[in-house]
Amino acid sequence: MKKVHNFSAGPAILPAEVIKESAAGILDFNNLSLSILEISHRSKDFIDVMEEARALVKELMGFGNDYQVLFLGGGASTQFAMVPYNLLPQGGTAGYVNTGVWATKAIKEAKLIGNVNVVASSEDKKFSYIPSNYAIPAGLSYLHLTSNNTIYGTQMHSFPNSPVPAVCDMSSDIFSRRTDFSKFDLIYAGAQKNIGAAGATLVAVKESLLGKTGRKLLSMLDYQVHIKGESMFNTPPVFPIYVCLLTLKWLKKNGGLAWIEKINKAKADTMYDEIDRNSLFTGTCEKKDRSLMNACFLLTKPELEESFNKMWKEAGISGIKGHRDVGGYRASMYNALPLESVKALTDVMKEFEKKHA
Ligand SMILES: *Cc1c(COP(=O)(O)O)cnc(C)c1O
């Protein structure tokens, strides 16, 4: 295969060895002479995959037995609904911090279930910063945060001390840095950005939080049903979960969150240093709130767009076109993207400046 520098925003780059191993598992899983796609999810071979993946998540999060880890279907978008459905009682109010497109979608779903108090928002400046110093009313049923704003390129570099149970959508920065996961009572993440293949959604939830809404829940949308079923109430997304397991093992083997944080910081520093240095580019976000995962930037001379696009495409760079809501460019630098790829992009930016500035 031709070498491509894959900056895709999601589904996103996976470690090459994970791609290889998952492909091998499709052809012959565990030397069974069967594909992982054609064995029962109740077979010992698959139960082992599920249990190891759940245990690894717990280990990486530093969680004990008061938390339960699930791999569900439906994407992070289903969690936008499941969170209020399971945690927000009739007449209760949930707090949301609105930092972008995903938070806005989560708020929309919660409003169908109960009352929502948007305790802080950065919508006034096109979501280009992370709100700070906001009050969190003690009467809220929970507080919902989005740790990384995938589309606008901002990230929470610290989390508020919440007087109420805290929930976090970590879809686009999960396991990208050392994190005090214990600040949260529920964490969820679609797998396709940092931990695996589209189709699986990770949920870690403090069990004592559940069963308190007084609402009768549909089984498939009830965390307690999935916990009781050990994340196999129904047929789980077996192959995406296998890819998650392989990616989590890759992360652990190489040194875990401290290791990946160092690499992610080096990549983001390289990227933002060039955006700030280069006269032909400008960042779109408040510097202190910039995301280590998604760097958004614009051309200072938009008339050069075609010429820049030609240059990076020729350098084997893929996936840096900005989200349609923001325009410009977005370099997504998830865990599996090597520093070498960021350097390839910043080299193109330097070349481009020499030619046009
Ligand atoms: C990508 C993304 C989502 C949407 O995930 P789906 O799995 O497609 O539903 C939600 N939240 C954040 C922060 C994301 O980056």
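Which residues line the largest cavity? Select Ile-13, Leu-14, Pro-15, Lys-193, Asn-194, Thr-247, Trp-250, Asn-335 and Ala-336 to display that lining.

The model is predicted, so local features need pLDDT of at least 70 and side-chain atom pairs count only at pLDDT 80 or more, while totals for chains, interfaces and linings use all residues. Residues are numbered from 1 along each chain as its sequence is written, and side-chain values use heavy atoms, with hydrogens and water left out.

**The cavity**

A cavity is a set of points, on a 1 Å grid over the protein atoms alone, where a 1.4 Å probe fits but cannot get out; a pocket is an open set with protein on both sides within 12 Å along at least five of seven lines, and lining residues have an atom within 4 Å of a point. The count comes to one cavity of 30 Å³ or more. The largest cavity has a volume of about 40 Å³, a volume being the space filled by probe spheres set on the points, which are joined across faces, edges and corners. Its lining comprises five nonpolar, three polar and one charged residues (nonpolar: Ala, Val, Leu, Ile, Met, Phe, Trp, Tyr, Cys and Pro; charged: Asp, Glu, Lys and Arg; polar: the others, Gly among them).

**The largest pocket**

Next, select Lys-3, Ile-13, Leu-14, Pro-15 and Ala-16, which lie nearest the centre of the largest pocket among its 23 lining residues. The volume of this pocket is about 520 Å³. Strand E1 (5-6), helix H1 (16-27), helix H7 (256-277) and helix H9 (339-356) each supply at least two residues of the lining; helices (H or I, at least four residues) and strands (E, at least two) are DSSP runs, numbered from the N terminus. By class, the lining has 16 nonpolar, four polar and three charged residues.

**The ligand**

Now select the ligand, whose space is the second largest pocket. Of the 13 residues around the ligand, Ser-77, Thr-150, Asp-169, Gln-192 and Lys-193 come nearest (a residue is near if one of its heavy atoms lies within 4 Å). Helix H3 (residues 75-87) gives the most to this shell, with four residues. The shell divides into three nonpolar, eight polar and two charged residues.

Then display the polar contacts, pairs of N or O atoms within 3.5 Å.

- Thr-150, 2.4 Å
- Lys-193, 2.7 Å
- Trp-102, 3.5 Å

Taken alone, the ligand exposes 390 Å², of which the protein buries 88% (Shrake-Rupley method, 1.4 Å probe).

**Two backbone stops**

Move to Gly-10 and Pro-11, joined by a cis peptide bond with omega of about -10°. Pro-11 is in the loop between E1 and H1. Finish at Lys-126, in the loop between strand E4 (115-121) and strand E5 (143-146). Phi of Lys-126 is near 50°, a positive value in a residue other than glycine.

Notes: Polar contact = N/O pair within 3.5 Å; in protein donor to acceptor, adjacent residues only side chain to side chain. Sits in = over half its atoms within 2 Å of the grid points.
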